[in-house]
Amino acid sequence: MALRNMRWLNVWGWMVLAVLLSSCQQSKPQRARNAIKRGQSYLDKREFPRAILEFRLAQRLEPQSADAYFHLGNGYLAAGQKAAAYVNFQKARQLDANHGGAKRAVAQILAASRNTKDLEEAVRLSESVLELDPKDKDTSNVLAIAKFKLGERGEAEELLSDLLAGGQAPITAVINASLMRLYQRDSKGALAILAKQEARFPQSIELALAMGRLATARGDRSLAEAEFQRATRIAPQDPRAWSGLGSFYAQTSQPEKALAAFETAGKIPNGEVAHVAAGYLWHIGRKDEAVSRLAALHQANLRDSQARARYAQVLHLSGKSEQADALWEQGYAMNPKDPVIMAGHAATLAGHGQYAEATSILQALIAAERRSVPGHSLLASIYQAQGKYEQARQQWDEVLQADRDNYRARMSLVQLQLAGGRVDAAAELLAKATRAQQQTLPWRMAHNQVLLLKNDLSAAAASLDETLKTFPNPEARLQMAQLHMRRREWAKARQQLELILDKPPFSPVAVQMMAEALNNEQNRLGLLLKLAELARRDPKSESISLLYAGWLAQLNRVEESRKELESLKARFPESTRIEIQLARVEFTQGNVKAARAYLLSAVKRQPDSEAAFLVLGDTELTLGNIAGAIAAYRKVIEINPDSADGLNNLASCLLTNRSQLDEALRLAQRAKELSPDDANTNDTLGWAYYQKGLYESAIPLLEQSVVNNNPVNRFHLSMALAKAGQRQRAQREFQVAFQAGPNLPEANEAKQLLGQAQLN
């Protein structure tokens, strides 16, 4: 018996050996083809990780095979890893420049972008594929998408119409044709396009889901529910079907049904949507369950960065920020090159003020993924927090380059442009926003602000009326008050402001505008009484009390202002703003050294106070300490590179010293950009041109600078005219300036020049 068993064992061993030998005799290309075949089978079953493993095997067996890279790209694309897919499709193109599938795939990825250059490249690639195969319907569909996004809507619709007319259009083309109708606000026509194709695609989950979403948007709940349920019958193991049904129930306020559908989706293997049910639990207020679910998903796969991110987010929202921070730190230690982990850990570091460390990580992230929206967005936020506004603008611009419809980036850029005085640039950004974005309150508020800054008061009035109908909020009322102030309609402005100042806490901007309106009405007593009342009603507001003290000083009630400020200092002992205001009071009273003492205390307490350094520069200048003034103004523009006053005053100091003329000119030019109509910036830039010997360039600027009859500016103009050979005008300007300021240093300089110049 033993010998017979051994004989059969030997036979079985030889059979196994023969199979192994046969396998070994297969060529590498054949083994690669078999791996691709197995990978495709896994892909059809939506088993993405196993498909990718097989495609990777094929790529290793045939490293010069364009097809191997193409299929690996398809695996990554199906798994939602677009960046990896794009790299492999491009590698396939490098190996075979005429690989139609790879070209089409790259075009498809680029057509999903909102970046103009990407869309133009998608068009170029699609057209090159169609030159070789004009009947390639999938590529025609990609071309239509790209052209539609580029604004070539007529051509896009014609392409899709041809595909639909032929009766052989791929399902994606049908859905895109429907979306184009929907974009044109023809929801009935969009639904008709989809319904017409139901007979052609009775088992298409994509068509059922598209019809369900469109019916939901149109308010046809019965049709929507039927289509989503049809999707679950067509593909009961496709998580998209159950997620779509769950979303419908969620939108129609059926939470139990929604949760059941999301739970079913989460239980499907390889569905990668288990977190959706947890997210919905959080949404409907079952937060403890949501946290528990997300914790379990994280523990199930500690290397899953998305699961870690979701868990960290709910921990942070639950007030458990320390645990969330620890999660990111642990994740970064495990995988410091994962983009999600890098962004999350950098955000944590930035939240704790560790900007240098966060910046280093984000720069590494951007180096690896040049168009990383999270990387650029976080870096922009860090730069803004540091006052590095130019760098912040550059980063937000990078976000828009990668995602031109990114709302946060667009609105952040708008505010930065407005803060820098670039109103036209802000207007251009607002004009390029999507229709949906243009319906939001922040967009409307920014648009109103642009119109007000451009002094287009008729358009501003119409826009503000519309805004207040849709969003009757204090911010819009404040803008309406600004409009009335521009029109010198003081009573109407006060009417709007009273609606805002109905109860504390009060807006300091609204309080200041109320004071200005009363001042323009010559009601000085009413002004002070109103501010005293508002300060009394809002005793916790340092700002309101400071405004009251400031107006007391402005109306020459200096001792009352000083007493109010000293009382405030006792209430808010750590306030630098109060010290700055006290310094201003002392400065106007000629107590320059006392003012300087307050300012030195303020900058010691708050070394990033732009206002304190600005007044300190003025104080040092008055004391004759030019070097100290220069140091203070340099600190101002270090804190805020877009400070027009800081730039102008520093340039003026450098010109006074007759030193560093090139730097002075550059600073003055930037100040002029930021404050183009200011007399002081015009004088400084004109005087810089004068110092450089550019007299003809100096004269127009200096002419603009004398609008307020400032004798210093007029002396500068007279000297520029003298140097340019305009004798009579130079003498006239000198006489007017000399009557206003005969003892100014500039008077002697101008007198000597006019006496010595060889004038025509």
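A contact here means heavy atoms within 4.5 Å. Among contacts in the protein chain between residues at least 6 apart in sequence, 46% join residues at least 24 apart. The model is a predicted one: local features need pLDDT of at least 70, side-chain atom pairs count only at pLDDT 80 or more, and totals for chains, interfaces and linings use all residues. Residues are numbered from 1 along each chain as its sequence is written, and side-chain values use heavy atoms, with hydrogens and water left out.

Start with the overall build. The protein chain has 44 helices and zero strands. Helices (H or I, at least four residues) and strands (E, at least two) are DSSP runs, numbered from the N terminus. The radius of gyration of the protein chain is 35 Å, well over the 27 Å that the globule rule gives for 760 residues, so the chain is more spread out than a compact globule. That radius is taken over C-alpha atoms, and the rule is 2.2 Å times the number of residues to the power 0.38. Along its principal axes, the C-alpha trace spans about 125 × 65 × 60 Å.

Next comes burial. Of the 760 residues, 47% count as buried. Buried means under 20% relative accessible area, exposed over 50%, and partly exposed in between (1.4 Å probe, protein chains only). Glutamine 323 lies in helix H19 (residues 321–334). At 44% relative accessibility, glutamine 323 counts as partly exposed. Alanine 312 is 11 residues from glutamine 323 in sequence and 7.7 Å from it in space, C-alpha to C-alpha.

Now look at the aromatic rings. Rings of Phe, Tyr and Trp (its six-membered ring) pair if their centres lie within 6.5 Å; planes under 30 degrees apart count as stacked, over 60 as edge-to-face and the rest as tilted. The count comes to eight aromatic pairs. One of them joins phenylalanine 228 and phenylalanine 248: it is tilted, with 5.9 Å centre to centre and 35 degrees between the planes. Phenylalanine 228 lies in helix H13 (residues 221–234) and phenylalanine 248 in helix H14 (residues 239–251), so the pair ties together parts that are 20 residues apart in sequence. Both phenylalanines are buried. The rings of tryptophan 687 and tyrosine 690 have their centres 4.3 Å apart and their planes at 5 degrees, so this pair is stacked. Both residues lie in helix H40 (residues 679–691), three residues apart, about one turn of the helix. Tryptophan 687 and tyrosine 690 are both buried. Ring pairs also link Phe228, Phe248 and Tyr249 into a cluster.
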